[in-house]
Number of protein chains: 4
Amino acid sequence: MQARTPLLPWQPEHGKRDAILTSAYNTFAEFGYANTKIETIAERAGVGKGTVYLYFKNKNDLFRQMIQELIDWHLSILREQITGPHSALDRLRTLLRVHLTMLAGRTYPFHLHGRDIGHVDDELYLWLREQKQRFLEDLRQLIEEGIAEGAFRTVSPRLAALWLFATLNVTLIDDAALSTEQVAGLIELVEHGLRASNEEHPTPIAG
Amino acid sequence: MQARTPLLPWQPEHGKRDAILTSAYNTFAEFGYANTKIETIAERAGVGKGTVYLYFKNKNDLFRQMIQELIDWHLSILREQITGPHSALDRLRTLLRVHLTMLAGRTYPFHLHGRDIGHVDDELYLWLREQKQRFLEDLRQLIEEGIAEGAFRTVSPRLAALWLFATLNVTLIDDAALSTEQVAGLIELVEHGLRASNEEHPTPIAG
Amino acid sequence: MQARTPLLPWQPEHGKRDAILTSAYNTFAEFGYANTKIETIAERAGVGKGTVYLYFKNKNDLFRQMIQELIDWHLSILREQITGPHSALDRLRTLLRVHLTMLAGRTYPFHLHGRDIGHVDDELYLWLREQKQRFLEDLRQLIEEGIAEGAFRTVSPRLAALWLFATLNVTLIDDAALSTEQVAGLIELVEHGLRASNEEHPTPIAG
Amino acid sequence: MQARTPLLPWQPEHGKRDAILTSAYNTFAEFGYANTKIETIAERAGVGKGTVYLYFKNKNDLFRQMIQELIDWHLSILREQITGPHSALDRLRTLLRVHLTMLAGRTYPFHLHGRDIGHVDDELYLWLREQKQRFLEDLRQLIEEGIAEGAFRTVSPRLAALWLFATLNVTLIDDAALSTEQVAGLIELVEHGLRASNEEHPTPIAG
DNA sequence: AATGAATGAGGCTTCATTCAT
DNA sequence: AATGAATGAAGCCTCATTCAT
């Protein structure tokens, strides 16, 4: 169903900039920032070392732009799920499923909250903080709507948002991707944590 | 209650090795691995640069030992909670509270599952994987016991363990430490996710 | 009188080659050889980077040709003064006035003797040596003629030529151009250094 | 007589800093700034490449400090001659002789007024301007004193100072050092330029 | 003829590591 | 055991030059 969602926001065949960003993503993911050489990124992108510097000011700049475009793209997809026309519960389910499916198909090297990559660059660090806060706001609103709809218990929306955010990182724990059943099970656990107790028998997920 | 748990496993006044490890912890946390200079660690530890090499083979070795001792110490404290004599639910509650309290008091720079620090060193990466798996096993067992006790719903114990693990990282999302109320709220959310539906009114946490 | 002497031997409107040489002159003068980029020269000349290589083999070649044409042009103008039909004293006066006036109108970045620019290129270095020697010869001859005419004291013509040459560089010392009075004063100093002592009352300079 | 004046202000055997500065002087003089590699300076100084960076922030800093210490040292020696107790004429003679002798013994790569090296570094450029102005002031004063003493004609002191300064650079024109006779002849030319006309028969220079 | 995107050789600089004291 | 001056491998980045259009 989500199979058609591309794994990354860039298409190497769309030009050298995209080729470099794709290569940068894979190389940084494989070796980490410090152990990645610009030369390696260039080689894998099929361009010369100097070409990287035609599109990016320096290594930091390349990294920052790569992360920003990746996160932007990822969050925009998630946001579509959060703000759709469906019930809060349905949107929560889809949010989790889409997110986990997107991560399942590849090595996702970077935590969404970016503490580990924030060291690289103050500008990026602050940008990530802001994105995180914005996304936490979206999650909070989703939960508030769920509460208003009577689907969720009366929990602290902000706290539940944090907790949801943490859960989203679950894939990062195991290197193996979650199976469809595991994703369903995870959604069920989260639902249970939030669901109003009178709603004993939730409608089936794919309803 | 947990206030007396020291924040770190080392005591600078216990000798140069501990001083170096404490300094290493703080410096790596502040700057990240790549941006941390041995000289800075030595300075902050109040020793000469060469002295670091009397206790550690190289920068990697220092980092690895620091992380390993930190994680070992941290997990051993958590393990005490998991394997105690109390009910599975109580142990779960204490586990979460102790973990979150330990992290609350300081900047915790490293994810327990260590994807971000695994880049540094294959040996450390594999060690962290193993620790993670062992701890996931422990969590799985806790959940199985909870199911056996009738306190938890019949969920996939392995999956729930993963989910718990993810939740443990919640503090890393926000830079601000969680308040006591927030910790309680978080525990409540997790409990709700796991709790057998007939157990509507759980016994108070501290008994 | 010399106001109509153009400042540089090239006219940008005479074609791309002249435009590039003018731009090269200004840019090398502003930034020095090492800090000057071909791209900057091309931009200022209003041509593409590749176009420079249609007219010049490489950066060194561009620099060399620029210097050579500049010096050639400059010395040929000076030489006209030296070898004219007037008396040695008059020719000396005019030589100094013309030279100083030419330099006064612009930033003259390159010493005539070229020690500082000789580093760039052995070929240019040797060429400059030769030009220098040739010009010193001309100066020597002028002085010899002055001695023969009885206008100058019996000095070492070669040494006096060196000394004259050094004096020609006086403008390079101060960034500010010399005023007409200063030029006259300078000429007067040089004359005094050379003049036969019996010629107490020289004819006024501007005659 | 001046043979005992060391050629350079540094003594390689006085430590690595002096060894590096001496090597830097010789290497920059030989190849020019842009064509000089830090590695070459280090090799010739008999130290490792990294050692240079223990004493100097970077290549520019090394160059700047080298020039400044060289000029400082050189000018301080000249200044001693200018401000001595002797007559203005004697001091002028000694000034020229000392300066020319100092330069005679070696390749002097850098013009005192530093237009050619100013491109390297703005800080250095401004510093050189200031030194130049200060030294021109000293020369001006010497000339004023000579006028007051009746030894010099009534010339513009500032202009004559500029002219003297230019003459000091005479050695830079020819690569060959001036002989003792040439130095004497040069001094004589300068004297003639300045001397009060009633002083027809000066005492012979070399006595 | 004219262009400018692409390249990669070359050099500055950092910093982990060594070792003489 | 403790030190820190010295080292040089490694990698980022610049920019002269090329070449397809």
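This is a predicted model: local features need pLDDT of at least 70, side-chain atom pairs count only at pLDDT 80 or more; totals for chains, interfaces and linings use all residues.
**View 1. Helices H4 and H7 of chain D, packed together.** Here H4(D), residues 59-82, sits against H7(D), residues 122-148, with the axes 11 Å apart and at an angle of about 5 degrees. Angles under 35 degrees count as roughly parallel, so that's what we call H4(D) and H7(D). On the H4(D) side, look for D:Phe63, D:Ile67, D:Ile71, D:Leu75 and D:Leu78, which are among the residues that meet H7(D). H7(D) brings residues including D:Leu124, D:Trp127, D:Leu128, D:Phe135 and D:Leu142. Sorted by class, this contact holds 12 nonpolar, 2 polar and 6 charged residues.

**View 2. Helix H10 of chain A and what its buried residues pack against.** H10(A) covers residues 180-194, and its end C-alpha atoms lie 21 Å apart, which agrees with the 21 Å that 15 residues should span at 1.5 Å a residue. Its buried residues include A:Val183, A:Leu186, A:Ile187 and A:Val190, with A:Glu191 and A:His192 also among them. Within chain A, the buried residues of H10(A) pack against H5 (88-104), H8 (157-168) and H9 (170-173). From chain B, H8 (157-168) and H10 (180-194) join in.

**View 3. D:Arg140, a buried arginine in helix H7 of chain D.** Leaving aside neighbours within four places in sequence, D:Arg140 is in contact with D:Pro157, D:Arg158 and D:Ala161.

Note on methods. Residues are numbered from 1 along each chain as its sequence is written. Chains are lettered from A and ligands numbered from 1 in the order in which they are written. Side-chain values use heavy atoms; hydrogens and water are left out. Axes are lines fitted to C-alpha atoms, for helices over the stretch in contact, and angles run from 0 to 180 degrees between N-to-C directions. Helices (H or I, at least four residues) and strands (E, at least two) are DSSP runs, numbered from the N terminus. Angles under 35 degrees count as roughly parallel, over 145 as roughly antiparallel, 65 to 115 as roughly perpendicular and the rest as oblique. Contact means heavy atoms within 4.5 Å. Ala, Val, Leu, Ile, Met, Phe, Trp, Tyr, Cys and Pro count as nonpolar, Asp, Glu, Lys and Arg as charged, and the others, Gly among them, as polar. The expected span of a helix is 1.5 Å times one less than its number of residues. Buried means under 20% relative accessible area, exposed over 50%, partly exposed in between (1.4 Å probe, protein chains only).
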